[in-house]
Amino acid sequence: MSIAETIDDPVELGLDWPATRLSARNLRVSFLVDGVRRDIVRGLSFELTPGECVAIVGESGSGKSVTARALVGLAGRNSIVEADSLELHHEDALAFTPRKWRRVRGRDVGFILQDALVSLDPLRPVRSEIAEALALHHRGTRSERSRRVIDLLTRVGVPFPEVRARQRPDQLSGGLRQRALIASAIALDPDIVIADEPTTALDVSVQAQVLGELEKMKLRGASVILISHDLSVVAQLADQILVMRGGEVLEQGTAAQVLGSPKHDYTKALIAAVPSERTRGQKLSPTAVPDAATAPVRSHRQVGSVLEARDLVRRFVSPDGAVNRAVDRVSFTLGAGETLGIVGESGSGKSTTAKLALGLERLDGGTVRLLGRDWSTLPERRRRRLRPRISFVNQDPLSSFDPRWNVERILLDALRGSRLSRFGRRARVLELLGLVGLSSEVLDRFPLKLSGGQRQRVAIARALAPRPSVIVLDEAVSALDVTIQAQILDLLVALQRSSGVSYLFISHDLGVISHLSDRVLVMKDGRVVEEGTPDDIFQRPQHPYTRELIASIPAFDPAAFSA
Amino acid sequence: MTAIRSATVPTRPIQLRRLPWGLFVAVLLVLLLAVAAIAPQLLATHDPYALDYPAALQGPSWAHWFGTDESGRDLYSRLVFGAGQSLLIGLGAAGVGIVLALILGSLAALAVKPAAVVVDRFVEVMFAFPALLLALLLIAIAGPSAVTEIFAVGLGTAPGYARMIRGQILAAKNSGYVEAATALGHSRARIVSAHILPNALRPLVAVFALSVGQSIVWSSSLSFLGLGVAPPAPEWGALLDAGRGYIIQANWLEVIPGLVIVAVALAATTIGRHLQAHLEKGEK
């Protein structure tokens, strides 16, 4: 980035910084649950120097967020934080009282939380949120503070800061909210910033902006601890990387060492699991795809297109009476055994397009044909007969299951329309579980008790149940950890090869889209701005928006690090 | 954050061994009440209607635990014999209220647009109408009796529950699982019966228990105003009404039935709250 050139090396400027700002030796965090001690973090050591970024990488349950919280004295009730030493600015942080922690937080350590929507008070304008940090630490007068708020918002790249400062979080977009949150975390110029998944909920272009802000802070001399599950984000910023799993550090080293020549198998698997254009046609996960999924299935006789959309339009009327075209003349054709990827940022209309294709949302214009037959023009009563031909996997599998039903009932319910006997249905349920690589043990479990990956497998099994020709997958892997995402993507590829099912795959993740799709549709503000093969789109983007989108993908090329 | 959650949730055992004492007392009270309602002679010490003028207006003693009224009738026995009627009115009113709310709430949430809007507005008008006035109107038309009281109280509580049920049904209707069932090609009737109603009505068990407590208080206030069950019957509200004239000389005639009503309402509410918490825990 060009910012690096504009700021001189701080050390050369003669600033006197202590060598280490934060150091942890053998940090351990445990929780007391009903009197039983559970170790969540088992031994973590690192040193954080000025201008450096230490990244802690891991999947959910790895203990990375707990570590971040322990470092700011927020591990919570029932927690036991121990270490051979934990020093913040050469003071023993283990001995800090809650009172001392309150003084340290904000002033010495800024903490950026994952979800700006829940971390900001919905009833207050963002300026009060930011000014509060200043007021709590008795910085400046009221007017000085409000000037400082505008300053901060400008610094984190919020356009029209005077206007934005007066708005409430719900009036801001996700990216602006996240930046307001960063502004409040750095309000007191802390020299350590801890960011817990700062970009997870954001679109790529906003993610690029937020990462840019963190990079600028780093160049100003701030030390950053970055917690993330996303290796491509980590690769942008980290100098040191700790790879965690199950509370243990599996690998630790410089970014070049860990990403370029990973030692541990888990790190290798994490790196290999990142989908991108380069990984097309390759397996992402070392875990074997279930045998059943690869066995060829008698496929439906299909010629030409299975799903054909012409000039789809969907309008929404906002409360102030303005008509908003959520989907504006979108057309596409999905061939048999093909994957069509729709990519776009939140609000681009891609999910609405999926629902229009499924006939779950009223069309205001255009037509959809399924297997060459009328589909969108049919009344729901007649559409029902055709519904088994097109199924749906949505972003949040948990919400798509009736909470009162166990897996067996969910899958049996999906077979209601079939002509199978009771015995036949039961056999089919077991067959479906085999297809998605689940054992029959899950049958009597409730979705709530399943892991994210297992839930998504059940959702896919349900979608496969009626032997559909098309499956619409709306952000189907977005909520999953990389390695689980890799397994599910592998599974989808195998299922397509064996059964010839077509996918309409919707995602905001360009990596996933380019890994999976035969053709790609780029959507913005309800319209298709570009369409083509992944090669066309990613190598020779025509539309400026596509170019911008591609430019903001964090470049993640493990090969670049091994050089 | 996620790590904390995954660490704490699976290990927490369901707390069945230690019954909270509040719940224990509430269940005990409700059991006693049930016995009093079914077989009052088991608990009563005197004939609730036996007049004994020499013993009139005596305070609580060993012979008369809760004292006697102006005709020398034993207050404790009258309370025991009145339990059946009070409980019946409470249950009946809660039942009428919930059934009415169920019909109105389901219509408001599931009927076709114009009908739903009409029901919705009707519920709102009912809501805006003072409940006591509504009850008085009904009693003025039908005359005071236990049955009128049941309907009056039921009608008064229905709008609130109707709103709640409507909200529950709408939430279920817009849920992911209903969308998934639609995508599978299930019929509307099937979706309503298999998904929407069971999920929307699950909290109703708890609401019913809460409503019983509320209804007993309500019907007692109507009886107290002389608009409920006719005097010689030992219904609790009527007891309150009868004791009103002697509040200076014999305050126990007011205080004790009042405390009993409060205790029973609290017991019903406590049980309702625990049911609610239990059901919600199952959901989360």
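What share of the contacts in chain B with a separation of 6 or more comes from residues 24 or more positions apart? The share is 65%, where contact means C-beta atoms, placed from the backbone, within 7 Å. This is a predicted model: local features need pLDDT of at least 70, side-chain atom pairs count only at pLDDT 80 or more, and totals for chains, interfaces and linings use all residues. Residues are numbered from 1 along each chain as its sequence is written, while chains are lettered from A and ligands numbered from 1 in the order written.

**Chain B**
- Chain B has 12 helices and 0 strands; helices (H or I, at least four residues) and strands (E, at least two) are DSSP runs, numbered from the N terminus.
- Its C-alpha atoms fill a box of roughly 80 × 50 × 30 Å along the principal axes.

**Interface**
- 31 residues of chain A are in contact with 24 residues of chain B.
- On the chain A side, β3(A) supplies the largest share, 3 residues.

**Sheet in chain A**
- Six strands form an open, mixed sheet in the order β9-β10-β11-β5-β12-β13; strands pair if DSSP finds at least two bridges between them.
- β9 (109-112) and β13 (248-254) of chain A are at the edges with a single partner strand each, so one side of each lacks a neighbour in the sheet.
- Strand β12 (residues 240-245) of chain A runs antiparallel to β13(A), joined by 6 bridges.
- One of the bridge partners is A:Gln252 in β13(A), which pairs with A:Leu242.

Definitions and conventions
Contact = placed C-beta atoms within 7 Å.
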